[in-house]
Amino acid sequence: MRDITPLVAPRSIAVIGASANPTKSGGVLFDNLVKGNFRGPLYPINRTATQIMGKSAYPTLADLPEKVDLVYIVLPQQHVKEAVKQCVAAGARAACIITAGFSEASQKGRGAEERLCEIARASGLLLAGPNTIGMVNAEVGMMGSFVNFPRWESGGVSFFTQTGIFTGAVMLHVMSGASQRLPVGKSIDVGNKVDVDELDFLHFVADDPATKVIGLYIESIRNPRAFFEQAREVRKSKPIVVLKPGRTKDGAKASASHTGSLASDDDILDGALRQYGIARAEDEDDFLNALRALVMLPRPRGRRVGIATTSGALGVIATDLLVESGLELAAFEPATLAAMRGVLPDWLEPANPFDFWIGIDIKGPREAHEVGLTALFADPNVDLVLCTLLAPGNADFPEFGDLVRRLRRTYDKPVALVIYGGEAEQRWTAALEGAGVPIFKTTRAGARALSLMVEATM
Amino acid sequence: MLMQASGDIAILIAAARAQRRNVLSEPEAKAFLRAQDIPVPPGCAVSHAEEAPAVVRELGTPVVVKAVAHQLTHKTDVGAVMFPVESPAAAEAACRTIAARVATHRPDIALDGFLIEAYRPAQPEWIVALRNDPHFGPVIMFGLGGIYVETLRQVSFRLAPLCDRDIEALLGERPAMQLLSSARGRAPPDRRAVVDVLRRLSDLSQQPLIVRDISEIEINPLVATENGVLALDALIVLHS
C-alpha cells in the first residue's frame, strides 16, 4: 500500500507547459489553479517567461526553491518523456500527464507509455495520466483541469475515473445546473491508468474525512482481489458506485468448457460487484443520480418503498421499476391507511402506491399533500419514499417546500422526488434547494437511484 | 473393462500430465466428484462394446451410453451420447453406433471406450463450475445448464470462497433460478443439496493443489430432484 496524498492533495504544484495563452490547455489549467486559490506554492515552469498570471516562472524544475509534491505536464507528446525524467531528477513526488497520444492512440503510443511507466516505477514517482482531463481537489483549491468550470460545488462525493475528457465534460454539465448540483470534493482522473489505480484511490479515501460517497468510472480493475477486500471495508462507511462500460462487448475466452466461454471479465466483475455490495450504474445518468441520492440522503434501513403519487400512471410505472430492481412495496400500517382515508372520498380505499390526486379536489392541495405525505413518511414499514407529484396550478400551494423540508427532517428517511409540471415545478425545486432532497427528471431516474442506494449500503 | 479411475486428484493429475493431456476423461472427473461426496449416477466404463450388456444387466434399464475420450469435450455435438437405451443388446449396439459417429465426425480422436450409466434425467439442467480465472483467481459459476447454456446465459459468477449469504444470493440472481424453488405440482428440488455442491466447490477452490493444477471443474448438467442432486456430466481441465 502506498500513499497517493502528494498526487491527490499536494502541498505544492509546478506546471510544465504553463503559459499565459488562454486558448492552450497549459494556459487554461494554470489559470484554473490560480483562480481556484490553491492553498500552497504554485510554480509555472516556462523557459522564456519570467512571470505567468502573477506567479514567478522558472525555466526548469531544478530551479525551484523546493522539491514539489506534484507536477502537471502539459506538453506536446514528444516532450513528455524528458519532462517525466526531469520530475524524477528534481525529486518531485507525483506527476499528472495531461498530454494525449499514448496507448489510446496507437501501438507506438503504447510503447512510449510503457517507458513512462518504467521511469516512474523505478523511482517511486506517482503517475496519473497520460490522456487525462486533470484532477480537482476542491478542499485544497486544486482546480487542475484544462476544462474551465463556471463554478464548483464542493462536498462529499469523491470521483476516480479512467478516461480522457469524459469527467471534465460531465462535471461541466453537473456544475452548470441551476439547482441540485452534485457536491464533488475530489475528481481524480488518471486517464490511461498507467500507474495510480482504483486500489490506491480506495486506500486514500478510506482515511479521507471529507469523502462521504465514492464514484468510480473504470474500464478494468487491475488487482481485483485486493480491490474487493479494500472495498468491503470502505463501503461500511462510504458507499461505492461503479460505472463500468462494456457489458455487451464479446469477452468470450477460448476454452474447452462452457464455463470458459461464459466467463467474460465483465460477467465475473458484475457478480463480484453484487457480492461485495458495490452498486453498478448502467450509464452516466444512473451514476450521477445514485451518487446524488447517496450524498444527500440518510442510509435506508430496509428495502420497502412507500410511493406517494398524484398520478395513477406514474405510481404504476414506479412500482414496476422498483420491483424490477429488487425493492419491495411497503405494506401500510392501519394507522397510515386511516390517516390517508381522511383525504380520500368514501369510495376510494388507499393503497401503496398512494394516489391522492382526488384528495386535492376534496381538501385542497395543501391539506391533501400534508396529510397524505405525512402518513406515508411516518409509517414504520416504509424504509424509502418515492414521490411522483404533478404540479399544475390546482395542485400548487406555497408551503410545498416547507412541508417536504419538515418531513425530511422529522423522519430522516431517504426520499426521491419526481415533479412533473411547468412553472410550479421550478418553484418547488427551488424551494427545496439545500434541503437534502434529491429531485429527479423521471420516475425511472428516481426509482433507479433508490435501488442503487440500497445496493451500495445494505 | 477399463480400469476404474481413482478419485484422488493428485493421482488423476499425474496420470494426465504423464500422457501430456490437460483434460480429464468423464470417468476420471466423476471418480473425483464421487470422492468429494458429489453424487454421480451409478455406472461403469468399458473398453469394448461387447462388455456393455453385462454392465446393463447389473445396472438395470434404462441406461445412457457415452463415448469416453478426453479430447472429446462436447460429446452431444457429434452424437456421442445415446439415451434412453432400454436393453443389454441395445447398449452394445449403441456403443458401435457411437464409435462409428466419432470415427466419421472426429477421425482425429481415439476412443478410450464407453461409459454406461443409469439414465436419470430431470429438468431443468443446471451448470455449476469452479474456474481459476487468470485475472480474478478462483470464481464459482452457477446457472441454467444443459446445451442452451451459452444461448440463454442464465448464469452468474462469484469470487470464491463463498459464504452462505453469497450462495443464497447466487441461487436467486437470474429469473431461471426460480425453478429451484417452484416445481409446478411436483415435489420441489432439494435446494440444500445444490447449496452443498456449491459449498464443496468453494472449499476446493482454496486447496493449494486445485489452485496450482486445475483450471476448471465444470458440472453440466447437474440435476436436482426432491431426492438430491446428480452430476450427469463433468469436465475437469488442467492448466496447460
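Hi everyone. One definition before we start: the axes I mention are lines fitted to C-alpha atoms, and angles run from 0 to 180 degrees between N-to-C directions. Keep in mind, too, that this is a predicted model.

Let's begin with the sheet in chain A. Seven strands make up an open sheet, and reading across it you get β9-β8-β11-β10-β12-β13-β14, with mixed pairing. At the edges sit β9, residues 142–145, and β14, residues 279–281, each of which pairs on one side only. From one strand to the next, the twist averages 20°.

Now zoom in on one pair. Strand β8 (134–137) and strand β11 (184–189) of chain A are antiparallel and share three bridges.

Helix α6, residues 198–206, lies across β10, β11 and β12 of chain A, at about 165° to β10(A).

Last stop, a helix pair. Helix α10 (284–296) and helix α17 (443–457) of chain A pack at about 65°, and their axes are 8 Å apart. Their crossing is right-handed. On the α10(A) side the contact residues include D285(A), N289(A), A293(A) and L294(A), while α17(A) brings, among them, R448(A), L452(A), M453(A) and A456(A). And how does that contact divide by class? There are nine nonpolar residues, one polar and three charged.

Key
Residues numbered from 1 in each chain as written. Chains lettered and ligands numbered in written order. Predicted model: local features only at pLDDT ≥ 70, side-chain atom pairs only at ≥ 80, totals over all residues. Pairing = 2+ DSSP bridges. Helix = DSSP H or I, 4+ residues; strand = E, 2+ residues; numbered from the N terminus. Contact = placed C-beta atoms within 7 Å. Left-handed = near helix turned anticlockwise from the far one by under 90°. Nonpolar A, V, L, I, M, F, W, Y, C, P; charged D, E, K, R; others polar.
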